Amino acid sequence: MQALNIAIVVAYLVAMLGFGWWGKSRTRNASDYLVAGRRLGPFLYTGTMAAVVLGGASTVGGVGLGYQYGISGMWLVVAIGTGVLLLSLLFAPTIQKLKIYTVSQMLTLRYGHRATRVSGIVMLAYTLMLCATSTGAYATIFVVLFGWDRALSIAVGGTIVLIYSTIGGMWSITLADMAQFVIKTIGVFALMLPFSLAAAGGFDGIADRAGDEFFSITGIGAQSIVTYFVVYTLGLLIGQDIWQRVFTSRTPEIARWGGSAAGVYCILYGVAGAVIGMSASVVLPAIESKDDVYADIALNVLPIGIGGLVLAAAVAAMMSTASGALIAAATVARTDVVPFVAGWFGKGGGERPTSEHDVASSRWWVLGLGVVAIMLAVVVQDVVAALTIAYDILVGGLLVAILGGLLWRRGNGIGAGVSMAAGTLVTLGVMAYLELTAENQYDGVYANEPIYWGLGVSAIVYVAVSLGTRATDPVVMEAWDRRVAGDVPEDVPVTAAR
C-alpha cells in the first residue's frame with residue numbers, strides 16, 4: 001500500500017523532467033529563458049506567482065505552526081500573501097513596464113549611479129540561500145518516504161530541479177510551477193483539509209479536545225506576528241525571485257490583478273494549513289517535531305494514494321520555490337555581479353547578459369549555481385540562519401533605496417548608495433552584537449532588532465544625503481520616465497551614468 005504513495009511521488013518527479021523538455025521547445029532567446037518571453041497571461045501568471053512564494057515554510061511549516069499554536073499559525077503565510085498583495089497593487093505595473101531582468105537594473109535606471117550595483121551581491125546571496133533552504137526542505141519528504149539519508153535525498157531532489165530548470169529556464173519552471181500549483185491546490189484544499197478536519201470531528205471536535213484558546217488569532221504571540229510581517233512581507237516587496245515573476249507578465253494589468261489573486265490565494269492557503277495542523281493536534285497528539293506533522297497526516301490519516309498526492313503537493317511547493325530562486329540567482333550573477341566585479345578589475349562592463357540569442361551561457365549559470373546550492377544544502381547544517389542573515393540584509397540594507405526610487409523622485413544615487421551601505425553595516429553590526437550577548441537563539445541571529453535598526457538608519461541616511469546633494473541628473477530621470485511609461489523596447493541596454 002505504501003508502494004502506491006511512492007509511485008505517485010515518483011510519477012510526479014518524472015513529470016517535472018517532462019516539463020523541462022516541454023519548456024525547452026518554447027525557449028528561443030534570452031527573454032524566453034529568463035522571463036518566459038514576458039508573455040504570461042492571467043491564469044499562468046497567477047498560478048506561478050502563488051507557486052513560487054508558497055514553499056516549504058508555507059506548506060510544511062504552516063501546518064506545523066497550526067499544530068503547535070492553533071489558528072494563529074496562519075500568520076506566517078498570511079504575511080507572505082500580504083507581501084504579494086502589496087507588491088501587486090502598488091508596484092507591479094511599474095516594474096513590469098521597465099522591461100528589465102533584475103532589481104539591480106531598476107536601481108541603475110532610476111539613479112544612474114554605479115554605487116547601487118553592489119545590491120546585486122546581496123541579492124545573489126539571498127537567492128542562493130533561499131534555493132539551498134528549499135532544497136533541504138523537500139529532501140525531508142524523501143527521507144520519510146524512501147528511507148534515504150539526508151545527503152542522498154538532497155542530491156536526488158536537487159538534481160531533478162536542476163535538470164528541468166537548466167533545460168528550459170523560466171518556461172520550464174513556469175510549466176512545472178503551474179502543475180505544482182494545481183497539485184498543491186488539490187492536495188491541500190480538496191484532500192488534506194476535509195479529510196483531516198473530518199478525522200478531528202470538525203471544529204467542534206477540535207474545540208472540545210484542544211480548547212477554545214486554539215482558536216485565538218493572537219495565540220502565537222504578537223512578537224512572532226510582527227516578525228513575519230517585517231521579514232516576509234517586506235522581503236517579498238524587493239526579492240529578485242518575486243520581481244522576476246513580475247517581469248514574466250504580458251501586461252501591467254495582469255501583473256496587478258493576477259498577482260493580487262495570487263496574494264488572496266496565499267492567505268487562504270495559510271488559513272487552510274493552520275486548520276489542517278489544528279486537526280492533526282487532535283488526531284495525532286504525540287508528534288514530537290512540528291515539521292513532521294504534514295508527512296504524518298499524509299501517511300497516517302489520509303487514505304493510501306491520496307496520501308501520496310498530498311506528499312507530492314509538499315514536494316511541489318518546495319521545488320517551485322527552489323527553481324524560482326535558482327533562476328533568480330543565475331540571472332543576478334550574470335547580469336549584475338559579473339559586470340560589477342569585472343569593472344573593479346578594469347575589465348569593463350563584461351558581457352551583455354541579455355543578448356537575445358545567447359541562451360547557452362544562461363544555462364551554464366543555472367547549472368553551476370544549482371550545483372552550489374545543492375552543496376550548500378548538504379554541507380551547511382544551519383541554512384536557516386544563513387537565510388535569515390540574507391533576509392535581514394536584504395530588508396535592512398536595500399528596502400529603502402528600492403522603494404525610495406519608486407516613490408520619491410528627489411532621492412538620488414549617492415543617497416541610495418550610502419543608504420544601502422549604512423543599512424547593511426548597521427544590520428550586520430547589531431546582529432553581531434546580539435549574537436555575542438545572546439542568552440538564547442531568539443536574541444541573536446533570529447532577533448528582529450537588526451532589521452529595525454538597519455531600516456531606521458537606512459531611511460535617515462537616504463533622505464539626508466539625497467537632500468544634501470544634487471538631484472538625479474535630468475537626463476537619467478527622463479530615461480527613467482520613458483521606461484516607466486513603457487516607451488523603451490526590451491533590447492535597450494541598462495547602463496549607469498557614472
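First, a term I need: helices here are DSSP runs of H or I with at least four residues, numbered from the N terminus. I also keep in mind that this is a predicted model.

Entry 1: Is Trp-257 buried or exposed? I found a relative accessibility of 54%, and exposed means over 50%, so Trp-257 counts as exposed. Trp-257 forms a nonpolar surface patch together with Leu-86, Leu-89 and Leu-90. The accessible area of these four residues together is about 410 Å². Which helix gives the most to the patch? I noted helix H5, residues 75–97, which supplies three residues.

Entry 2: Next I turned to charge. I looked up one of them, Asp-208, and found it in helix H9, residues 202–210. Asp-208 has a relative accessible area of 68%, so I logged it as exposed.

**Entry 3: helix H3.** Helix H3 runs over residues 42–53 and has 12 residues. How far does H3 reach from its first C-alpha to its last? I got 17 Å, close to the 16 Å expected at 1.5 Å a residue. H3 is mostly covered, with nine of its 12 residues buried. Among the buried residues I listed Tyr-45, Met-49, Val-52 and Val-53. Gly-47 and Ala-50 are also on that buried list.

Key
Residues numbered from 1 in each chain as written. Predicted model: local features only at pLDDT ≥ 70, side-chain atom pairs only at ≥ 80, totals over all residues. Heavy atoms only, no water. Helix = DSSP H or I, 4+ residues; strand = E, 2+ residues; numbered from the N terminus. Buried < 20%, exposed > 50% of the residue type's maximum accessible area, 1.4 Å probe, protein only. Patch = residues over 30% accessible without salt bridge, like charges linked within 9 Å, V, L, I, M, F, W, Y side chains within 5 Å. Areas by Shrake-Rupley, 256 points an atom, 1.4 Å probe, with all protein chains shown as cover. Salt bridge = Lys/Arg side-chain N within 4 Å of Asp/Glu carboxyl O. Expected span 1.5 Å × (residues − 1).
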